[in-house]
Amino acid sequence: MATTVTPKNSATTSIATRYLQVRRATLQLTETLTADDMMVQAMPDASPTKWHLAHTTWFFETFLLSEFLANYHPFRLEFRQVFNSYYKQVGAHPVRMTRGNFSRPTLQEVLDYREHVDSCMLQLIERGEERVSDLIELGLNHEQQHQELIVTDILFAFWSQPLRPAYLEGAPPQNAAPHTLRFIDFPGGEISIGHTGSSFCFDNETPRHRLLLEPYRLAARLVTNAEYLEFISDNGYRRPELWLSDGWDTACQQQWCTPLYWEQREGQWFTFGAYGMRPLDPYAPVCHVSYYEADAFARWANARLPLEAEWEHAAASVPVEGNFVETRSCAPRSAGAQTGTIPQQLFGDCWEWTASPYVGYPGFKPSPGALGEYNGKFMCNQFVLRGGSCATPQSHIRATYRNFFPPHSRWQFMGIRLASI
């Protein structure tokens with residue numbers, strides 16, 4: 001049964017409409033999947049689709065309904081523990097790598113759980129209490145993060161299977177040859193980065209602060225598969241002088257010789273994506289590379305990765321437009337032949353590794369309570385990525401958005417933009 005909206009004023013109508021739009025968008029991403037697909041956990045860092053559907057629902061139940069809706073009755077009391085991801089202040093939770101073992105609850109029970117929580121959330125929204133609006137927006141942005149994870153996690157699961165099934169039907173969009181890689185000059189100087197204003201942001205985007213940038217140059221587009229092939233052909237994976245020490249050790253231990261999902265068959269390169277195994281598109285941006293690989297490629301190209309402050313400074317006045325999950329392609333696209341004085345592909349296509357470690361901004365304070373565990377406690381051994389990807393919802397991204405992953409991670413849509421040395 002479809003949940004309907006009958007709020008009493010325009011403000012609550014807007015919140016309820018956005019709430020339902022985001023929740024429905026999550027289910028739309030699962031339309032090509034079977035119940036069996038949605039139980040698979042192919043590696044410890046990924047999660048089953050069914051778990052994503054339940055955990056995002058758990059977030060609203062735990063932090064909103066249980067706290068602010070009088071006489072709320074949980075769908076099942078056990079779910080408070082089963083679908084807790086890592087919030088220690090909320091209580092116990094299963095070990096992450098065991099999520100694929102959960103044959104129960106069934107997919108239908110998870111869908112019923114979502115319906116139950118959605119109905120109660122609309123009751124809460126109907127009351128129009130200002131104190132909960134910020135938490136609702138946080139919950140929706142949290143769900144949008146999991147929308148991207150639904151795509152990337154199922155791609156890894158499908159790639160891990162012998163049949164290599166496709167997530168989407170048809171063929172990926174055709175790409176045109178991009179312009180020759182060039183750099184755009186930026187003057188630097190004293191700048192301010194970080195979120196400002198009353199619109200939503202995560203706590204790790206604050207506080208806004210000043211810093212000094214030296215003049216810098218940023219590549220006008222992302223690095224392509226063809227350009228990365230040159231790195232491979234020049235023995236880039238076998239030259240330790242190009243790699244950070246830990247990166248070299250990781251590449252050797254993991255036997256990396258290409259980006260994730262690449263393979264060579266009878267002299268021809270193929271890559272796995274949303275449309276299954278396909279011939280490698282030389283014009284598309286290279287993706288599914290780790291920080292270590294991005295850094296090694298930059299050294300090989302006599303360049304470097306940009307600082308996150310440089311990236312944000314360059315992107316601050318650029319409209320948030322690009323190839324997002326709404327295009328339903330789930331494949332990075334070429335920048336094309338168009339040139340100009342504004343870098344292309346700053347938003348969408350691929351998350352862009354930066355050279356900046358993920359740490360708090362000067363004066364950063366995590367949110368109080370259990371929600372303070374959302375970002376702050378991960379500020380160790382990770383690097384910042386910017387810009388979103390072809391699996392990111394467009395309304396979720398902005399110039400100040402800070403994504404972060406460990407330097408060995410590759411299963412997300414992670415790409416490379418160069419900066420000049």
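Asn141 sits in helix α5, which spans residues 130-159; helices here are DSSP runs of H or I of at least four residues, numbered from the N terminus. The model is a predicted one, in which local features need pLDDT of at least 70 and side-chain atom pairs count only at pLDDT 80 or more, whereas totals for chains, interfaces and linings use all residues. Residues are numbered from 1 along each chain as its sequence is written, and side-chain values use heavy atoms, with hydrogens and water left out.

**Surroundings of Asn141**
- Asn141 counts as buried because its relative accessibility is 2%, where buried means under 20% relative accessible area, exposed over 50% and partly exposed in between, with a 1.4 Å probe and protein chains only.
- A polar atom of the Asn141 side chain lies 2.9 Å from the backbone oxygen of Glu137.
- When neighbours within four places in sequence are left aside, Asn141 is in contact with Arg18, Phe200, Phe202, His396 and Arg398, contact being heavy atoms within 4.5 Å.

**Helix α9**
- Helix α9 (residues 308-315) is largely enclosed by the rest of the structure, because seven of its eight residues are buried.
- The buried residues of α9 are Glu308, Ala309, Glu310, Trp311, Glu312, Ala314 and Ala315.

**Cysteines**
- The count of disulfides comes to zero, a disulfide being a pair of cysteine sulfur atoms within 2.5 Å.
- Cys330 is in no disulfide, and the nearest cysteine sulfur, which belongs to Cys390, is 6.1 Å away.
- Cys330 counts as buried at 4% relative accessibility, and Cys120 counts as buried at 11% relative accessibility.

How values were computed. Helix = DSSP H or I, 4+ residues; strand = E, 2+ residues; numbered from the N terminus. Polar contact = N/O pair within 3.5 Å; in protein donor to acceptor, adjacent residues only side chain to side chain.
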